[in-house]
Amino acid sequence: MNGEINDTTSFHLQLLSKVIDMQQYPMIKLMIENNITEAEFNQLLQLLADLNEKFEIQKEEGLLDFTPLLIHFAGMLNEKLDPDTTILALKKEGHYPSLMNAFIEVLNESKESELRR
């Protein structure tokens, strides 16, 4: 019985993913593709809320380098998720835009400095 429920749920999700433009919801797509549980999703949301609070404080204090926050994010992120992909998906869906822009800026600077070497 339980297997039948899982199969039905899986089938319904497949149907929904066909009628919803998943390109508009890359974060949700990432959660589904990587089998993120509700608890793992809630942990991610809490991590983002905590980091955003730290980000706002650091920004007010005049800090310009948010590399430590990005490193913390990557280190605390669920191992099922890729940090770069997750950041881009969060940005596209409009979650914590200032924080995601800061993370993307750090990533871009890092890539540029690697290219100069």
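Guide: Leaving aside residues up to four places away in sequence, I28 touches M22 and E93. Please keep in mind as we go that this is a predicted model. I28 belongs to helix 2, which covers residues 26–33. For a sense of distance, take I28 and E56: they are 28 residues apart in sequence, and their C-alpha atoms are 26 Å apart in space.

Let's follow the chain onward. The loop between helix 2 and helix 3 holds N35. Most residues other than glycine have a negative phi. N35 is not a glycine, yet its phi is positive, near 50 degrees. N35 counts as exposed, with a relative accessibility of 58%.

Helix 3 spans residues 38–60, and N52 is found there. Is N52 buried or exposed? N52 counts as buried, because its relative accessibility is 16% and the limit for buried is under 20%. Beyond residues up to four places away in sequence, N52 touches Y96 and L99.

Y96 is worth a stop of its own. You'll find Y96 in the loop between helix 5 and helix 6. Like N35, which has a positive phi, Y96 has a positive phi, about 45 degrees, without being a glycine. Y96 is partly exposed, at a relative accessible area of 28%.

That loop brings us to the helix packing you asked about. Two packed helices are described by the angle between their axes and the distance between the axes. Helix 5 covers residues 83–93, and its axis comes within 9 Å of the axis of helix 6, crossing at roughly 140 degrees. That angle makes helix 5 oblique to helix 6, and their crossing is left-handed. On the helix 5 side, the contact is formed by D84, I87, L88, L90 and K91, which meet M100, N101, F103, I104, L107 and K111 of helix 6. Sorted by class, the residues in this contact are seven nonpolar, one polar and three charged.

Now turn to another partner of helix 6. The axes of helix 4 and helix 6 are 9 Å apart, and the two helices pack at an angle of about 100 degrees. Helix 4 is therefore roughly perpendicular to helix 6. Here T67, L69, L70 and F73 from helix 4 meet F103, V106 and L107 from helix 6. This contact has six nonpolar residues and one polar residue, with no charged residues.

Counting rings whose centres lie within 6.5 Å as a pair, the model has two aromatic pairs. In one of them, the ring centres of F73 and F103 are 5.5 Å apart and the ring planes are at 40 degrees, so the pair is tilted. The pair links distant parts of the chain, with F73 in helix 4 (residues 67–76) and F103 in helix 6 (residues 97–116), 30 residues apart. F73 is buried, with a relative accessible area of 0%, and F103 is buried too, at 0% relative accessibility.

Methods: Residues are numbered from 1 along each chain as its sequence is written. This is a predicted model: local features need pLDDT of at least 70, side-chain atom pairs count only at pLDDT 80 or more; totals for chains, interfaces and linings use all residues. Side-chain values use heavy atoms; hydrogens and water are left out. Rings of Phe, Tyr and Trp (its six-membered ring) pair if their centres lie within 6.5 Å; planes under 30 degrees apart count as stacked, over 60 as edge-to-face and the rest as tilted. Helices (H or I, at least four residues) and strands (E, at least two) are DSSP runs, numbered from the N terminus. Buried means under 20% relative accessible area, exposed over 50%, partly exposed in between (1.4 Å probe, protein chains only). Axes are lines fitted to C-alpha atoms, for helices over the stretch in contact, and angles run from 0 to 180 degrees between N-to-C directions. Angles under 35 degrees count as roughly parallel, over 145 as roughly antiparallel, 65 to 115 as roughly perpendicular and the rest as oblique. A crossing is left-handed if the near helix is turned anticlockwise from the far one by less than a right angle, and right-handed if clockwise. Contact means heavy atoms within 4.5 Å. Ala, Val, Leu, Ile, Met, Phe, Trp, Tyr, Cys and Pro count as nonpolar, Asp, Glu, Lys and Arg as charged, and the others, Gly among them, as polar.
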